[in-house]
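Q: Could you help me read the aromatic rings in a protein model? I would like to go step by step.
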Amino acid sequence: MQAPLRALAVTAAAGAGAAVYAGVVERNWFALRRYEVPVLAPGTAPLRVLHLSDVHLTPGRHRLMSWIRSLDTLDPDLVVNTGDSISHKQAVRPFLAALGPLLERPGVFVYGSNDIYSPIPKNPLLYLVKGNDPDRYRRVPDLPCNELGEAMVAAGWLDVNNQRGRVKAGDLDIEVGGVHDSHIRRDRYDRIAGPTDPAADLRLGVLHSPEPRVMDRFAADGYDLLLAGHTHGGQVCVPGLGALVTNCGIEPRRVRGLHRHPAQGDPGRPWLHVSGGLGTSPWTPFRFGCRPEASLLTLVPRIS
Ligand SMILES: [Fe+2]
């Protein structure tokens with residue numbers, strides 16, 4: 001074989017190998033991330049928070065469902081679901097079955113765009129052009145998000161889509177504020193705006209998309225910890241470079257993991273955890289350099 005043909009064959013084989021790895025291996029190689037967050041008042045007992053996001057469940061993903069179900073063995077005191085739970089009309093029951101015993105624990109949730117709009121094929125290059133996601137311009141929900149939300153509420157979970165509320169977890173009284181998905185312009189922060197309660201043991205902000213303009217408002221109102229998802233950790237990351245896009249206003253450096261918001265500034269600003277999430281759109285079923293993940297956050301006393 002001549003050298004140019006050999007180079008072409010090697011490149012094609014490497015591309016095929018990467019595609020198989022991303023679509024078959026890494027997409028099903030679930031990771032549990034663990035973080036310690038020094039956010040509680042001195043002397044408070046630790047609190048375990050399980051953060052789930054972007055499951056994008058479609059029927060038949062039994063491996064993913066059983067992995068989620070197994071997370072109950074972590075014995076979390078609180079479960080936070082930051083949305084994009086389903087990606088199919090028939091996925092509500094499988095998603096609830098995947099949560100299984102987790103639903104018996106205290107929980108809070110918000111929706112993402114994929115809980116209300118069914119997935120459509122998109123040109124992946126649109127992700128590189130901010131604001132061009134076609135979901136931003138859809139208006140008619142066609143997924144059963146109400147059925148999903150009603151089931152989680154019936155289990156005792158707190159719906160914080162543009163709402164505030166209170167949840168008891170462990171021995172803590174937690175004030176929770178949340179917004180619907182800013183990526184599709186359904187966030188209404190004005191409905192929850194106002195100073196948080198200094199008497200609460202923790203002030204928790206919950207949102208699907210970690211949009212800085214929204215997180216600025218949570219920070220100004222005194223929230224201690226913000227939990228978000230949406231980014232899929234970049235979904236396709238370049239070795240040595242990391243995520244190329246975040247699909248929202250946050251910069252790639254904070255595409256997943258534990259940070260602060262704003263990234264620089266007052267030492268008392270809130271902690272921010274962005275989950276890389278557990279799934280993908282069924283039209284882009286691959287992940288590379290960014291394993292699907294759930295996180296166990298152990299909240300501990302602040303370092304004084
Ligand atoms: Fe998502």
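Q: Which residue lies over the face of W271?
A: R260 does, at 4.1 Å from the ring centre. A charge sits over a ring if NZ of Lys or CZ of Arg is within 6 Å of the ring centre and within 35 degrees of the ring normal. W29 has a charge over its ring too: the charged end of R291 sits 3.8 Å from the centre.

Q: What should I know about the model itself?
A: It is predicted, so local features need pLDDT of at least 70 and side-chain atom pairs count only at pLDDT 80 or more, while totals for chains, interfaces and linings use all residues. Residues are numbered from 1 along each chain as its sequence is written, and side-chain values use heavy atoms, with hydrogens and water left out.

Q: How many aromatic pairs does a search of the whole structure find?
A: A pair of aromatic rings is described by the distance of the centres and the angle of the planes. Rings of Phe, Tyr and Trp (its six-membered ring) pair if their centres lie within 6.5 Å; planes under 30 degrees apart count as stacked, over 60 as edge-to-face and the rest as tilted. The search finds 5 pairs. One of them is F109 with Y111: the centres are 5.8 Å apart and the planes are at 55°, so this pair is tilted. For F218 and Y223, the centres are 5.0 Å apart and the planes at 80°, so that pair is edge-to-face.

Q: Which residues do ring pairs link into a cluster?
A: Y189, F218 and Y223.

Q: Is F218 buried or exposed?
A: Buried means under 20% relative accessible area, exposed over 50%, and partly exposed in between (1.4 Å probe, protein chains only). F218 is buried at 0%, and Y223 is buried at 2%.
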